[in-house]
Amino acid sequence: MLSRFLRLRNWNALSKIVGVNLVILLVSFLAIIFYIIPLYENSLLEEHKAYTSGLVDIATAVVNHYHSRELAKELTLEEAQQGAISTIRVMANQNDYIWVHDLNLLMVVHPFAPYLEHKSLANYRDPSGDLLFVKMNQLVNSSGRGFIEYLWPKPKYDQPLPKISCISLFRPWGWVVGSGMYYDDVMREAASLRHRVIAVSGLLFVAIIVFSLYAARRINQPLQQALQITSQITRAHLADFAELETSDEPRRLLHAIETMVTELMDAKIDAERADKAKSDFLARMSHEIRTPMNAIVGMTELALEKVSDLEQKEYLTGVMSSAEHLTELINDILDFSKIEDGHLTLEQIPFSLRDTLHSSVQPLAFRARQKGLSCDVSIPPDIPDSLLGDPVRLRQIITNLLGNAVKFTAQGGVLISVAEICRESDDVVLAMSIRDTGIGIPPEAREQIFEPFIQADGSMTRKFGGTGLGLTIVRQLVEMMGGTVSVASEVDQGSEFRFTVHCRLGDNQVYPQEIREDEPSTDSLIPAERKELSVLVAEDVAINQVIITRFLEKLGHNATVVENGREAVAAWSSGNFDLVMMDVQMPVMDGLAAARAIRELEQSRGGHVPIIAMTAHAMSEDIICCLEAGMDAHLAKPLKKTDLAIVLGSIKPVSSGQ
């Protein structure tokens, strides 16, 4: 039988299969003996150390409990200590080894060595000759807690055995709490495992040899067919294959793989469709939520200016705060979702660093001044201004960090500064920092604040508001720009967030004068009084028409309202307007088409009227679409009067010249 088996024509393939299996088995066996089992022994030791450390923690918690009762005057010091000792005695058993001695080298309690209790340990030496408890006290005095190895007698053994103990100092009473274990207890488990592994491996060795000889005959031919099917799959001829009528299991398995690949391809197409549907849903929900939010925020702001009753003003202020918080939540969740899905891409377009920085600072500088804070910008004159990159996302990073700085600062101010790290050929690395004098961040929270839904203190969510996504988005955007973000902070002293970005240098570099820290630079960022403007407002929702009209009137401007893009083009053609406020989603003709039509008419008539997008479409691609359609700025709903004033202040009005 064996000689017949060895005369098979595919002996070469058979020998390879058997040989490879034997080598794999041998390597696996050696890896288990010399690598896996030692790892297991180390893991086992660490588990026992963790268990011992846990016993120390429990005993320390017991001591701390009685100490708390002492501080509360429920017990005297002696009663509290006796209560702790009694509880530790109850805890101790043959598996839970716990003792307590004090810094004066006096044994307080030792359930398994009662002859040591209330005796001096100053001269107690282990078999190696070391003053054991002196070493323990030195360890806890310097570190407060740690592990120590030594020799200690074990019941039923003639010689002391190696032992490792965890010790911790309870400083109020000067007690050292300890718990230990013997190494041989750990090694006994590992030795038992090693014997079982050797026995099982021997059986597997024989079984795999037999199985390899059998499997080699069954696998060789179907393997060749698998290679053919794989080649055909790559040529996308799956539909030509019919169901195999065979009882040969390997061949049927290969046919199943072919079918599975086809199904996976179909599933991939379905997943892509679902992913697109998700993106469309996010965009639609963003618009549909922002539209009623615009009415809530706008009407509340108008009502706040009219209400004099303090209680009513308190209610309306609460509504406004909640609305603003909900808007931030919507923005953060949309951005976070897009980044996590990998749908957010960075633009590479020319932009002015100083213009981008100032436009980012404007709204928050105004908010800072309302809180009585300074908000200064420092840009050295040698920093390049013309760059290639994504100004929208850079503005988002600055706005998030600066918004946090203003939010968490009650007095003092905020400083925004820019420095050049290095420049090579056409690339430059810039470092930007936002420094505040706010509440600061505890050391233990600094590494966590960049994680999703994490804040330095959970209570801050209630006190200051926020989603816990802002810094996560900042970190992800900075990393997409090839940079890093870090924070330095002291509690009650303030924080400094610093990030770097890689940009390409643009053409025609201009180096403006530095905006110095000691100059009132942000005064120029606050909207100043300006002449009355004639504004054409294209908005189809009645309540939004009321809000934007009232805002413009309170800012000293006149508004002419139309309900769709076609009416906007007609009104612009027959009127004389300083600028146009254009909604995007409108019936008959949308705002993008209307903006393009106005720009086309301007080519023949001359002039350039500023067009400001005023829309609930607020995602980054929506902003880009508005700018590509010929609009000069983007104002996301829900609108606030201060934001409108800042945008109007940044636009140089030029009449349509009709």
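This is a predicted model: local features need pLDDT of at least 70, side-chain atom pairs count only at pLDDT 80 or more; totals for chains, interfaces and linings use all residues.
Helices α8 (residues 353–370) and α9 (residues 391–407) approach each other, with axes that come within 9 Å and cross at roughly 30°. Because angles under 35 degrees count as roughly parallel, α8 is roughly parallel to α9. The crossing of α8 past α9 is right-handed. On the α8 side, the contact is formed by L353, T356, L357, S359, S360, V361, L364, R367 and A368. The α9 side contributes P391, L394, R395, I398, T399, L402, G403 and V406. By residue class, the contact of α8 with α9 comprises 10 nonpolar, 5 polar and 2 charged residues.

Helix α11 (residues 470–480) is mostly covered, with 9 of its 11 residues buried. The buried set consists of G470, L471, T472, I473, V474, R475, Q476, L477 and V478. Just after α11, a positive phi of about 80° is found at G482.

Strand β11 spans residues 485–490 and is joined by 6 bridges to strand β12 (residues 494–505), the two running antiparallel. In β11, V485, V487 and S489 make up the covered face, whereas S486, A488 and E490 make up the uncovered one.

Conventions. Residues are numbered from 1 along each chain as its sequence is written. Side-chain values use heavy atoms; hydrogens and water are left out. Buried means under 20% relative accessible area, exposed over 50%, partly exposed in between (1.4 Å probe, protein chains only). Helices (H or I, at least four residues) and strands (E, at least two) are DSSP runs, numbered from the N terminus. Two strands pair if DSSP finds at least two bridges between them. Axes are lines fitted to C-alpha atoms, for helices over the stretch in contact, and angles run from 0 to 180 degrees between N-to-C directions. Angles under 35 degrees count as roughly parallel, over 145 as roughly antiparallel, 65 to 115 as roughly perpendicular and the rest as oblique. A crossing is left-handed if the near helix is turned anticlockwise from the far one by less than a right angle, and right-handed if clockwise. Contact means heavy atoms within 4.5 Å. Ala, Val, Leu, Ile, Met, Phe, Trp, Tyr, Cys and Pro count as nonpolar, Asp, Glu, Lys and Arg as charged, and the others, Gly among them, as polar.
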